[in-house]
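Let's take a friendly walk through a protein model, looking at how some of its side chains meet. Keep the sequence and the 3D view at hand as you read.

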Amino acid sequence: MTASKGNVVTIRYTLHVENELIDQGELDYLHGYRNIVAGLEEALEGKVAGDRVVVSVPPEKGYGLYDPEGVQVVDRAAFPNDAELVEGAMFYAEDAQGNPMPFTVLNVDDQDVTIDFNHALAGETLNFDVTLTAIRPATPEELEHGHAHSAHQHSH
């Protein structure tokens, strides 16, 4: 059985960006449904349990290119009084459709807060080292929902 559309693949992985460990763990994902970054999914296509895949994913196939327009300055008054406005803090805004849009605080002064809507890994090359540990057919429910249901669901 291979990592192909409609199969649930269990992977153990590390993610490095410029030699810094960013993330590691074990993850079940439904292959072919864009539940992991595109470049990694493409690299795992057709592999079997026990295979190890080392891949560098460019930003275009990872978290996207860095968009300078994603950086905005907003009035400090737009935040609740008790918000901890410190550099690196993460908050969520809502777009017009009510979807959550995470952003990071870059800078704070008396009047203004500079925020960045870019993903923390936008513009970065993602270096994955992945071992496929198991592959199974997805259940009808998983296919209907478009993602794996598992004990180790990894949320970001």
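This is a predicted model: local features need pLDDT of at least 70, side-chain atom pairs count only at pLDDT 80 or more; totals for chains, interfaces and linings use all residues.

Residues are numbered from 1 along each chain as its sequence is written, and side-chain values use heavy atoms, with hydrogens and water left out.

**Charged partners**

Side chains of opposite charge can pair when their charged atoms come close. How many salt bridges does the structure hold? There are 3, where a salt bridge is a side-chain nitrogen of Lys or Arg within 4 Å of a carboxyl oxygen of Asp or Glu.

| Salt bridge | Distance of the closest N and O atoms |
|---|---|
| Lys 61 and Glu 42 | 2.7 Å |
| Asp 129 and Arg 52 | 2.4 Å |
| Arg 136 and Glu 142 | 2.9 Å |

Helices (H or I, at least four residues) and strands (E, at least two) are DSSP runs, numbered from the N terminus. Lys 61 is partly exposed at 36% relative accessibility, and Glu 42 is partly exposed at 43%. Here buried means under 20% relative accessible area, exposed means over 50%, and partly exposed is in between (1.4 Å probe, protein chains only).

**A look around Asp 129**

The salt bridge between Asp 129 and Arg 52 also links distant parts of the chain: Asp 129 is in strand 8 (residues 126-137) and Arg 52 in strand 3, 77 residues apart. Asp 129 is partly exposed, with a relative accessible area of 23%, while Arg 52 is exposed at 57%. Which other residues does Asp 129 touch? Leaving aside neighbours within four places in sequence, its contacts (heavy atoms within 4.5 Å) include Arg 12, Tyr 13, Thr 14, Val 53 and Val 54.

**Aromatic rings**

A pair of aromatic rings is described by the distance of the centres and the angle of the planes. Rings of Phe, Tyr and Trp (its six-membered ring) pair if their centres lie within 6.5 Å; planes under 30 degrees apart count as stacked, over 60 as edge-to-face and the rest as tilted. The whole structure has 4 aromatic pairs. In one of them, the ring centres of Phe 79 and Phe 91 are 5.4 Å apart and the planes stand at 65°, so this pair is edge-to-face. Phe 79 lies in the loop between strand 4 (71-75) and strand 5 (90-94), and Phe 91 in strand 5, so the pair ties together parts 12 residues apart in sequence. Are these two residues, Phe 79 and Phe 91, buried or exposed? Both are buried. Ring pairs also join Phe 79, Phe 91, Phe 103 and Phe 117 into a cluster.

**Two backbone angles**

Most residues other than glycine have a negative phi. Glu 18, however, has a positive phi near 50°, and Arg 34 has a positive phi of about 60°. Glu 18 sits in the loop between strand 1 (7-17) and strand 2 (20-30) and is exposed at 65% relative accessibility. Arg 34 belongs to the loop between strand 2 and helix 1 and is exposed at 57%.
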